[in-house]
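Subject: Structure for you to look at

Hello,

Here is the structure I said I would pass on. Please open it next to this message and follow along; my notes come after it.

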Amino acid sequence: MSRRSSLAAVIVSALCFGTLAVLTPLAYAQGAEPLPLLAWRFAIAAVFLGSLALMRDRHALKVTVGDLARYSALALAGYGAASVCFFFALLYAPASVCAVLLYAYPTLITIAGWMFLGKKVTWQHSVAVVMAFAGCALVLGIGSSEAASIKWQGVVLGLGAAVGYSVFSLLSDRWLHGRSSLAMMTYTFAIATVLPAIGAVATGGIASLSVASWSPTLWGLLAAIVAVPTFAAVTLFLRGIRGLGSAQAALVATLEPIFTIVLAMLLLPEQPMMGGLQIVGVTLVLAGVVLSETGASRSDSTEAEANASSPHAS
């Protein structure tokens with residue numbers, strides 16, 4: 001897969017992820033509760049992905065004990081934990097603040113990759129991370145009167161979500177090579193179902209997971225949540241990681257809040273139009289992505305030239 005295709009995959013993934021913040025409030029308006037909705041989202045996604053994997057290869061879901069342990073780490077310490085943390089962060093802090101805290105994860109990935117995985121960090125990437133984070137802060141309204149309602153629990157949980165997504169991205173980058181992304185995400189979603197399901201039962205009893213009273217509209221919204229910001233978004237992001245690496249893919253994914261705001265303005269009538277500072281923020285995020293991609297492309301070109309001139313090159 002070419003670098004351009006990988007970049008396009010992550011951009012479309014960010015667009016898909018960006019629909020979650022629009023579809024979820026619509027589901028809540030239809031009577032859905034957050035934890036049961038999250039549990040069913042993961043469970044149905046796991047069944048769908050598993051079925052697709054088995055259609056392609058009847059042995060696709062046969063994995064080693066070691067891989068099962070890896071997928072459990074992805075689910076419990078990564079994707080599932082991040083989702084649960086992000087939901088509970090919304091109880092203590094405005095959505096804009098939680099989203100900016102979540103998008104600390106490109107910075108965390110860059111630092112962790114440099115410290116623990118020996119990944120090189122260019123000056124372009126370092127500057128781009130700062131630009132993208134600052135742009136998200138402006139786009140999402142940090143510094144407004146909303147900030148006065150922040151509680152420390154929201155900050156801790158929001159950063160917890162960022163850590164969870166960082167773990168998911170880094171471990172995916174490290175473990176995906178040579179393995180089926182469909183099988184990996186089937187097990188990841190299946191295991192991630194446990195966290196919100198236990199939470200739902202603990203707070204509302206087993207009846208809280210019942211879907212008997214769900215309307216056709218709510219089922220349609222759940223189907224959209226499974227198809228777009230879950231299945232499509234994650235599979236495209238993993239495809240992009242193969243070509244870009246976790247740090248670059250995470251930085252490009254900071255386009256997601258921009259897509260979320262645009263979609264919200266189009267689909268949610270109460271969402272206000274973007275102001276001047278938000279437009280500046282959009283510009284910063286886009287400039288950061290362009291800068292980082294330019295630096296990464298130059299680095300790849302230099303490495304390719306060095307390999308071509310090497311006496312060991314074939």
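I will start with one side chain. Arginine 179 counts as partly exposed, because its relative accessibility is 24%. Please keep in mind that the model is predicted.

Which residue does arginine 179 meet in a salt bridge? Its partner is aspartate 67, with 2.7 Å from N to O. Aspartate 67 counts as buried because its relative accessibility is 11%, which is under the 20% cut-off. Arginine 70, at 27%, counts as partly exposed. Together, Asp67, Arg70 and Arg179 are linked in a network of salt bridges. The count of salt bridges comes to two. As background, side chains of opposite charge can pair when their charged atoms come close.

Now the chain as a whole. The protein chain has 14 helices and zero strands. Of its 314 residues, 48% count as buried. Among contacts between residues at least 6 apart in sequence, 87% join residues at least 24 apart. The accessible surface comes to about 14900 Å², and 68% of that belongs to carbon and sulfur atoms.

The largest nonpolar core has 57 residues, and Tyr79, Met185, Phe189, Val234 and Leu238 touch the most other members. Helix α11 (216-244) is one of the helices that each supply at least two residues of this core, and the largest share, 13 residues, comes from α11. A second, separate core of six residues includes Leu35, Ala39, Phe87 and Leu209. Methionine 185 is in contact with Leu49, Phe168, Val234 and Leu238, leaving aside its neighbours within four places in sequence. In general, nonpolar side chains tend to be buried together in soluble globular proteins.

Threonine 193 is in the loop between α9 and α10. Is threonine 193 buried or exposed? It is buried, because its relative accessible area is 14% and the cut-off is under 20%. Leaving aside neighbours within four places in sequence, threonine 193 is in contact with Ala39, Phe42 and Ala43. Alanine 197 is in helix α10 (residues 194-204). Not counting residues up to four places away in sequence, alanine 197 touches Ala39 and Leu209. The C-alpha atoms of alanine 197 and proline 36 are separated by 6.4 Å, although these residues are 161 residues apart along the chain.

On the surface, Val262, Leu266 and Leu267 form a nonpolar patch with about 290 Å² of accessible area together. Leucine 266 is in helix α13 (residues 256-267). Leucine 266 is exposed, because its relative accessible area is 65% and the cut-off is over 50%.

Last, confidence. The protein chain averages a pLDDT of 77, and 72% of the residues score at least 70. Confidence is highest in helix α3 (residues 34-56), at a mean of 91, and lowest in helix α14 (residues 276-309), at 57. Over residues 300-314 the pLDDT is below 50, and this stretch has three contacts in the model beyond near neighbours in sequence.

Regards

Technical notes. Residues numbered from 1 in each chain as written. Predicted model: local features only at pLDDT ≥ 70, side-chain atom pairs only at ≥ 80, totals over all residues. Heavy atoms only, no water. Patch = residues over 30% accessible without salt bridge, like charges linked within 9 Å, V, L, I, M, F, W, Y side chains within 5 Å. Areas by Shrake-Rupley, 256 points an atom, 1.4 Å probe, with all protein chains shown as cover. Salt bridge = Lys/Arg side-chain N within 4 Å of Asp/Glu carboxyl O. Helix = DSSP H or I, 4+ residues; strand = E, 2+ residues; numbered from the N terminus. Buried < 20%, exposed > 50% of the residue type's maximum accessible area, 1.4 Å probe, protein only. pLDDT = per-residue confidence, 0-100. Contact = heavy atoms within 4.5 Å. Core = buried A, V, L, I, M, F, W, Y, C linked by side-chain atoms within 4.5 Å.
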